[in-house]
Amino acid sequence: MSQARAKHHQVSRIGTKAIVAGLIFLFLIFITIPLVSLFTRVSPEDFITALSSPLARDALWLSVITATFSTIVVVILGTPLAYVNARFSYWGRDIVDTLTDLPIVLPPTVAGLALLMAFGRNGLLGQYLSVFGVQIAFTTVAVVIAQIFVASPFYIRQARSSFEGVDQNLEAASRTLGATPIQTFFKVTMPLAASSLLSGIIMTFARALGEFGATLMFAGNFQGKTQTMPLAIYSELQSDMAVSIALAILLVVFSFAIILAVKYIGRRENTYA
């Protein structure tokens, strides 16, 4: 009887493993096939030719410049907020946190429309800027603002977790040795949180680089001015599929490298923690 029960358990374990393996295999196939299909549609020669086109070069250059600038702005503006939320408890912190995270779940079209209503020619702030001849919507500045809006939560969330992970006893020790709060922040807190902050910066840059919906709504789709790589992919679907696929492959490879880099940084941080 016991042998029969043991055999039944063994068969059950084998069956469970087979089902789990099958589900994992199906999921990996589901994720992999669409990505692999991109690489089968263009030859290496066509890929290089497509990336050499003026439209692709303009989109690539604009994407890198705007994503870099928006990431720098997010780090400058987001670091103080992340640190304060990590270290201090104050009334309304949950509301501030919720507002900070909101762009992650907002549909991109809603984000783009909201930015247009704020900074458009007749927008809440845009109407006053127009008096001084300043127009933001449908300019390169609008691209940067849209990227900051949608990508900032990726850095602020990561930065807050990073600061929360820093041992406050070390900061207290620094202050007892005569360091000011600013000196403690830059000489103790920032170096200890650097690896996690770098992960947040990388993810923010990647999100800014891939931004599409809010940029389209708020900045438009003008080559050399507001047309980033995702917008160029969308534009060239009907006219030059090779350029569209080449830019898509570039974004896939870049995104894959970004995730690998973040995983490597996280693993290294855990190793030396």
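Analyst: Two residues are in contact when heavy atoms lie within 4.5 Å. This is a predicted model, where local features need pLDDT of at least 70, side-chain atom pairs count only at pLDDT 80 or more, and totals for chains, interfaces and linings use all residues. Numbering starts from 1 along each chain as its sequence is written, and side-chain values use heavy atoms, without hydrogens and water.

User: What makes α3 oblique to α9?

Analyst: The angle does. Helix α3 (residues 54-87) packs against helix α9 (residues 181-209) at about 140°, with the axes 10 Å apart. Under 35 degrees counts as roughly parallel, over 145 as roughly antiparallel, 65 to 115 as roughly perpendicular, and the rest as oblique. So α3 is oblique to α9.

User: Which residues in α3 and α9 meet?

Analyst: From α3 come S63, V64, A67, T68, S70, T71, V74, V75, T79 and Y83. From α9 come F185, T189, I201, T204, F205, A208 and L209. By class, this contact of α3 with α9 holds 10 nonpolar, 7 polar and no charged residues. Here nonpolar covers Ala, Val, Leu, Ile, Met, Phe, Trp, Tyr, Cys and Pro; charged covers Asp, Glu, Lys and Arg; polar covers the others, Gly among them.

User: Why are α4 and α7 called oblique to each other?

Analyst: Helix α4 (residues 93-105) and helix α7 (residues 140-164) pack at about 130°, their axes 6 Å apart. That angle therefore makes α4 and α7 oblique to each other.

User: In which hand does α4 pass α7?

Analyst: The crossing of α4 past α7 is left-handed. For α3 past α9, the crossing is right-handed.

User: How many charged residues are in the contact of α4 with α7?

Analyst: First, the residues that meet. R93, D97, T100, D101, P103 and I104 in α4 touch F149, V150, P153, F154, I156, R157 and R160 in α7. This contact of α4 with α7 has 5 charged residues, along with 7 nonpolar and 1 polar.

User: Why is D101 called partly exposed?

Analyst: D101 sits in helix α4. Its relative accessible area is 24%. Under 20% is buried, over 50% is exposed, and in between is partly exposed. So D101 counts as partly exposed. Beyond its neighbours within four places in sequence, D101 contacts P153 and R157.

User: How do you know that Q147 is buried?

Analyst: Q147 belongs to helix α7. At 2% relative accessible area, Q147 is therefore buried. Not counting residues up to four places away in sequence, Q147 touches T66, A67, S70, S152, A208, E211 and T228.

User: Where is F138, and why does it count as partly exposed?

Analyst: F138 lies in the loop between α6 (126-131) and α7. Its relative accessibility is 33%, so F138 is partly exposed. F138 has a positive phi of about 65°, although it is not a glycine.

User: Which residues of the largest nonpolar core touch the most other members?

Analyst: They are L209, M229, V243 and L247, in a core of 17 residues. Two or more residues each come from α3, α9, α11 (229-236) and α12 (241-272). The largest share, 5 residues, is from α12. A nonpolar core is a set of buried Ala, Val, Leu, Ile, Met, Phe, Trp, Tyr and Cys residues joined through side-chain atoms within 4.5 Å.

User: What is L247 in contact with, leaving aside its neighbours within four places in sequence?

Analyst: L247 contacts L51, A56, M229, A232 and I233.

Terms used
Axes fitted to C-alpha atoms, helices over the stretch in contact; angles between N-to-C directions. Helix = DSSP H or I, 4+ residues; strand = E, 2+ residues; numbered from the N terminus. Left-handed = near helix turned anticlockwise from the far one by under 90°. Buried < 20%, exposed > 50% of the residue type's maximum accessible area, 1.4 Å probe, protein only.
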